[in-house]
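Subject: A structure for you to explore

Hi there,

Here is the structure I promised to pass on to you. Please open it next to this email, so that you can look up each residue as you read.

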Amino acid sequence: LRFFIFLLLLSFIAIGVAIWQSHQANEARNVAEEALTQNVRTEAERLYAIEDDSLRFQNAAEKYLYIVNSLKPIPEDYGSLGICYQNLKDYKKAEKYFLKYLKCDNSCPAANHLLGQLYYETHKYKKAYEHELAATKYDTSGNYIYWYDLSHYSLFVNKPDQALEAANKVLKLQPAKQDVERYIALGHLLNNNWKKAESTYHKWMNKVFQDVDSAAWLYSTVLFGNDIQELQSAGVQHKDFEKVSTLLTQAVNDIVNDIPMIYVGGNTFWMGSDKHMPNIVENEVPRHSVKLDSYYIGKTEVTQKLWVTIMGNNPSKLVAEDHPVENISWLDAQLFLKRLNTITGKNYRLPTEAEWEFAARGGNKSKGYLYAGSDSLGDVAWYVHNTVLDYALPGYGTHPVATKQPNELGFYDMSGN
C-alpha cells in the first residue's frame, strides 16, 4: 500500500512538473510571439510611413496581414490593415477589417470613425453619418475630427441642424479649424436661410484670409463650390445651389482667362542634335524621329502673379509680378498644377521634352532658325550677354515676360529669360 501511495505521489509530482513546464513553455512562447508581433508591427509602421514609396500600403498590408492571421494582433492592427486596403482602393477588404476592429469593441470611436470615412469615400452616406455619429457618442477625448466629419456627413443625409451643431462643436474644441464654417454656411443654406449662409461664408473668408485676392481665398472658394457639386451628385438639392455655383464659377473663370494657351498642331519631327552641330550637349544626340499629337502650351512662362494667385507665396529671388517665377523645384511645380487643376477643373500639366522642343522650334510653322524665333539670340532671349550678372546692380536677374520677339507660333522666351 505504501509503495502504491509512493507511486501515486510520484505521478502527481510528475504531472505537476509537466504542467509547470508546459506553462513555462507557453509563457516563453507568448513572450517570443509578442516580441515577434511587435517587431513586425514596427516594420509595418515604418513601411506605412515611407511617403515616396508607391508600394508602401501594399508592403505594410502584407505585414499587418501576417500579424492578424499568424501572430497576436491587438484591435488597432485590424484598423491599420483596413487603412492600407482603403488606400489600395480594395474597399471590401477595408470594410472587412474595420468591422473586425469594431467587433473588438462596439463602442470604439476610432473604429466607427474609420468606417465613417470608408462609407463616405464609397458614397454610402447614411452609413457614414451613422458611424460618425457613433464616434462622437462614444468619444471621451474631445477629438474634434469626429465632429468635423459628422458636420460634413450630416449634409449628405439632409440633416442641416445636426451639421450646424457638429460644426459649432468643432469651433469650441478647435477654434483654429475655421474651414468648418463652410459647413455652417451650407447648413444655413439647406435650412433656407440665405442671409445667414452668405454672412457666415463672408465672415469665414474675411477672418481667415485678410487679402481677398490671395490664393487661399480663391482655393477656399473652389472648395465651397466643390462641396455644393458633391451634394448635388449625392442627390441633395436646393433652390439656391445654382446661384452660389454661378458666383463661384465667375471667380474661377477670371483665373483661367489669365493663362493664354497656344495650339501646337501635331506632326513628326527630328528631335535632338547631330554630333557635328555646334555647342551640342551629350544627351541631345543622336537625332531621332518623334511623332506628336496636337497639344497646347502657355504663351509665356508662368508669371509670379499667377504663381502667387494659386500658391499664396513667391519663392523668386527677383520679385516682380510680370517676371517668370523661379527658384522652384519639380515638386513645387506639381503642387502648383494640382491646385490649378482643382481651381479650374481643367487638366494642366508640364509639357514633355519633345513637346517643348517642337514648340520652341516653331512647330509646323518652323523656319529653321538657330534659336526660338531668330538666328540672333539677342532678338528672342535674355541671356548672359544682355543681362546684368551682378545681383547688387540694377537689372540683375529675370526680365518681364514677352519683351523679346516671339517665335513662329507666338511663344516667348523659349531660348532664355
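This is a predicted model: local features need pLDDT of at least 70, side-chain atom pairs count only at pLDDT 80 or more; totals for chains, interfaces and linings use all residues.

**Helices H7 and H9**

Two packed helices are described by the angle between their axes and the distance between the axes. For helix H7 (residues 144-156) and helix H9 (residues 181-190), the angle is about 30° and the axes are 10 Å apart. An angle under 35 degrees counts as roughly parallel, so H7 is roughly parallel to H9. Their crossing is left-handed. On the H7 side, the contact is made by Tyr148, Ser151, His152 and Leu155, while H9 brings in Arg182, Tyr183, Leu186, Gly187 and Leu190. Sorted by type, the residues of this contact are five nonpolar, three polar and one charged.

**Helices H13 and H14**

How do the axes of H13 and H14 cross? They come within 9 Å of each other and cross at roughly 70°, with H14 spanning residues 330-344. Angles of 65 to 115 degrees count as roughly perpendicular, and H13 and H14 are therefore roughly perpendicular to each other. From H13, the contact uses Leu306, Trp307, Ile310 and Met311. From H14, the contact uses Asp332, Ala333, Leu335, Phe336, Arg339, Leu340 and Ile343. Here the residues divide into nine nonpolar, no polar and two charged.

**Gln304**

While you are at H13, have a look at Gln304, which lies in this helix (residues 304-311). Is Gln304 buried or exposed? Its relative accessible area is 1%, and buried means under 20%, so Gln304 is buried. Leaving aside neighbours within four places in sequence, Gln304 is in contact with Asn314, Ser316, Leu318, Val319, Ala320, Glu321, His323, Pro324 and Val325.

**Helix H15**

Why is helix H15 (residues 353-360) described as largely enclosed by the rest of the structure? Because six of its eight residues are buried. Those buried residues are Ala354, Glu355, Glu357, Phe358, Ala359 and Ala360. What covers them includes four strands: S1 (261-264), S2 (267-271), S3 (288-292) and S4 (295-298). After H15 comes Gly362, with a positive phi near 105°.

Best wishes

Terms used. Residues are numbered from 1 along each chain as its sequence is written. Side-chain values use heavy atoms; hydrogens and water are left out. Helices (H or I, at least four residues) and strands (E, at least two) are DSSP runs, numbered from the N terminus. Buried means under 20% relative accessible area, exposed over 50%, partly exposed in between (1.4 Å probe, protein chains only). Contact means heavy atoms within 4.5 Å. Axes are lines fitted to C-alpha atoms, for helices over the stretch in contact, and angles run from 0 to 180 degrees between N-to-C directions. Angles under 35 degrees count as roughly parallel, over 145 as roughly antiparallel, 65 to 115 as roughly perpendicular and the rest as oblique. Ala, Val, Leu, Ile, Met, Phe, Trp, Tyr, Cys and Pro count as nonpolar, Asp, Glu, Lys and Arg as charged, and the others, Gly among them, as polar. A crossing is left-handed if the near helix is turned anticlockwise from the far one by less than a right angle, and right-handed if clockwise.
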